[in-house]
Amino acid sequence: MTGLTRCAPLAREAAASLQRREELYPALVEKGTLSAEKAAWEIRVWTAIAADWHWVVTMERRDVPKVWTCEKIEALEDSVKRANRALLKAIDEAPGELRRQCQEGECLHDLLDRHGDDFAPILAAHHQRDRFIDMLDWYRRERPCSGQVPISFYVETNFALKERARLDREAREAA
């Protein structure tokens, strides 16, 4: 049984973010550009984020240490800032006319049509930032004061609807 498969890009991004940290952070700690405490914190938080989004998409829970929603929000806010810097860097490295059109706020689809492969790194950075923003928005909904429906509600409702359909199907087949 699957969950909210439309959230699969978020689950893939969360898993990739965790994997990047696990692969890159030991060397950064060794070089002294990242503290061991910060690296351990980010890996712990991203392990929980990746587990959450795995659950959203597959309805399979992973046993991970407890991480507070505020920690997930903080990690995602950091990731959005990094993604914004990566997007600006991709724009700065683009050929002149493409760079100018990006800075003027041209439509992404028009830029893709006009510039094709030259626009691909910018589009990839844009989509990655959007995935971080989407995850951040969903975690902000988890706060009791948000007044919004959290992702857990949708997952649990989706599970209940699929379970009911399965039971109805089994009852029809048994009759």
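Predicted model: local features only at pLDDT ≥ 70, side-chain atom pairs only at ≥ 80, totals over all residues.
**Entry 1. Salt bridges, overall**

I began with the charged pairs. The count came to 14 salt bridges. I then went through some of them one by one.

**Entry 2. R44 and E71**

I looked up R44 and found it in a salt bridge with E71, with 2.5 Å between the closest N and O atoms. R44 belongs to helix α2, residues 36-58, and E71 to helix α3, residues 69-92, so this pair ties together parts that are 27 residues apart in sequence. I checked the cover on each partner. R44 has a relative accessible area of 31% and is partly exposed. E71 has 12% and is buried.

**Entry 3. K72 and D52**

Which elements does the pair of K72 and D52 tie together? Their side chains meet in a salt bridge, at 2.6 Å from N to O. K72 sits in helix α3 and D52 in helix α2, so the parts tied together here are 20 residues apart in sequence. K72 counts as buried, with a relative accessibility of 9%. D52 is buried too, with a relative accessible area of 18%. I noted that helices α2 and α3 are also the ones tied by R44 and E71.

I next took the pair D130 and R129. They form a salt bridge in which the closest N and O atoms are 3.7 Å apart. D130 counts as partly exposed at 26% relative accessibility, whereas R129 is buried at 18%. Elsewhere, salt bridges with shared partners join R21, K38, E42, D78 and R82 into one network.

**Entry 4. E13**

Is E13 buried or exposed? I found a relative accessible area of 6% for E13, so this residue is buried. E13 lies in helix α1, which covers residues 8-31. I looked for a polar partner and found R20: the two side chains make a polar contact at 3.3 Å. I then listed the contacts of E13, leaving aside its neighbours within four places in sequence. The list holds R20, Q128, R131, F132 and M135.

**Entry 5. Cysteines**

How many disulfides does the model have? I got a count of zero. C107 is partly exposed, with a relative accessible area of 39%. I also looked up C7, which counts as buried at 7% relative accessibility.

**Entry 6. Surface patch**

Last, I turned to the nonpolar surface. V149, F153 and Y154 form a nonpolar patch there, and together they have about 250 Å² of accessible area. I followed up Y154. This tyrosine lies in helix α7, residues 151-174. Its relative accessibility is 32%, so Y154 counts as partly exposed.

Key: Residues numbered from 1 in each chain as written. Heavy atoms only, no water. Patch = residues over 30% accessible without salt bridge, like charges linked within 9 Å, V, L, I, M, F, W, Y side chains within 5 Å. Areas by Shrake-Rupley, 256 points an atom, 1.4 Å probe, with all protein chains shown as cover. Salt bridge = Lys/Arg side-chain N within 4 Å of Asp/Glu carboxyl O. Helix = DSSP H or I, 4+ residues; strand = E, 2+ residues; numbered from the N terminus. Buried < 20%, exposed > 50% of the residue type's maximum accessible area, 1.4 Å probe, protein only. Disulfide = S-S within 2.5 Å. Polar contact = N/O pair within 3.5 Å; in protein donor to acceptor, adjacent residues only side chain to side chain. Contact = heavy atoms within 4.5 Å.
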